Amino acid sequence: MSETATLSSKFQISIPKAIRSAQAWEAGLTFAFIPKGTGVLLVPVPKREALKGLARDASTTDYRDRADRF
């Protein structure tokens, strides 16, 4: 899917309908902009309810923290 959009004079971009429909994005959704080389990755920020239970089976022992990294 190759869609384009133009940056307006108010620095706004409209996401093409084909993209919005394919991703099931709706008005009011929050996005994070992640710089990648000369481009930007646009990622929807999940709602808190969607993250509930994500780490339910995670072990609280024998984990690595930042001090363990090289």
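Trainee: Which rules hold for the numbering and the values?
Mentor: Residues are numbered from 1 along each chain as its sequence is written, and side-chain values use heavy atoms, with hydrogens and water left out. In this predicted model, local features need pLDDT of at least 70 and side-chain atom pairs count only at pLDDT 80 or more, while totals for chains, interfaces and linings use all residues.

Trainee: What pattern does the protein chain follow along the sequence?
Mentor: Helices (H or I, at least four residues) and strands (E, at least two) are DSSP runs, numbered from the N terminus. The chain has two helices and two strands. Read along the sequence, the pattern is α-β-β-α.

Trainee: What is the radius of gyration of the protein chain?
Mentor: The radius is taken over C-alpha atoms, and the globule rule is 2.2 Å times the number of residues to the power 0.38. The C-alpha atoms fill a box of roughly 50 × 30 × 25 Å along the principal axes. A compact globule of 70 residues would come near 11 Å, but the protein chain has 18 Å.

Trainee: How much of the protein chain counts as buried?
Mentor: Buried means under 20% relative accessible area, exposed over 50%, and partly exposed in between (1.4 Å probe, protein chains only). Of the 70 residues, the buried share is 3%.

Trainee: Among contacts between residues at least 6 apart in sequence, what share joins residues at least 24 apart?
Mentor: A contact means heavy atoms within 4.5 Å. For the protein chain, the share of these contacts that joins residues at least 24 apart is 3%.

Trainee: Which elements give two or more residues to the lining of the largest pocket?
Mentor: A pocket is an open set of points on a 1 Å grid over the protein atoms alone, where a 1.4 Å probe fits, with protein on both sides within 12 Å along at least five of seven lines; lining residues have an atom within 4 Å of a point. The largest pocket holds about 350 Å³, a volume being the space filled by probe spheres set on the points, which are joined across faces, edges and corners. Of its 13 lining residues, the closest to the centre are Ile 13, Ser 14, Ile 15, Phe 33 and Leu 42. The elements asked for are β1 (31–36) and β2 (39–44).

Trainee: Why does Phe 11 count as exposed?
Mentor: Phe 11 lies in the segment before α1 (17–23) and, although not a glycine, has a positive phi of about 60°. Phe 11 counts as exposed because its relative accessibility is 68%.

Trainee: Is Ala 24 buried or exposed?
Mentor: Ala 24 sits in the loop between α1 and β1. Its phi is near 60°, a positive value in a residue other than glycine. With 61% relative accessibility, Ala 24 is exposed.

Trainee: How many Å separate the C-alpha atoms of Lys 52 and Ile 13?
Mentor: Lys 52 is found in the segment after α2 and is exposed, with a relative accessible area of 74%. Lys 52 and Ile 13 are 39 residues apart along the chain, and their C-alpha atoms are separated by 32 Å.

Trainee: How far apart in space are Tyr 63 and Thr 30, C-alpha to C-alpha?
Mentor: Tyr 63 lies in the segment after α2 (48–51) and counts as exposed at 56% relative accessibility. Tyr 63 and Thr 30 are 33 residues apart in sequence, and their C-alpha distance is 31 Å.
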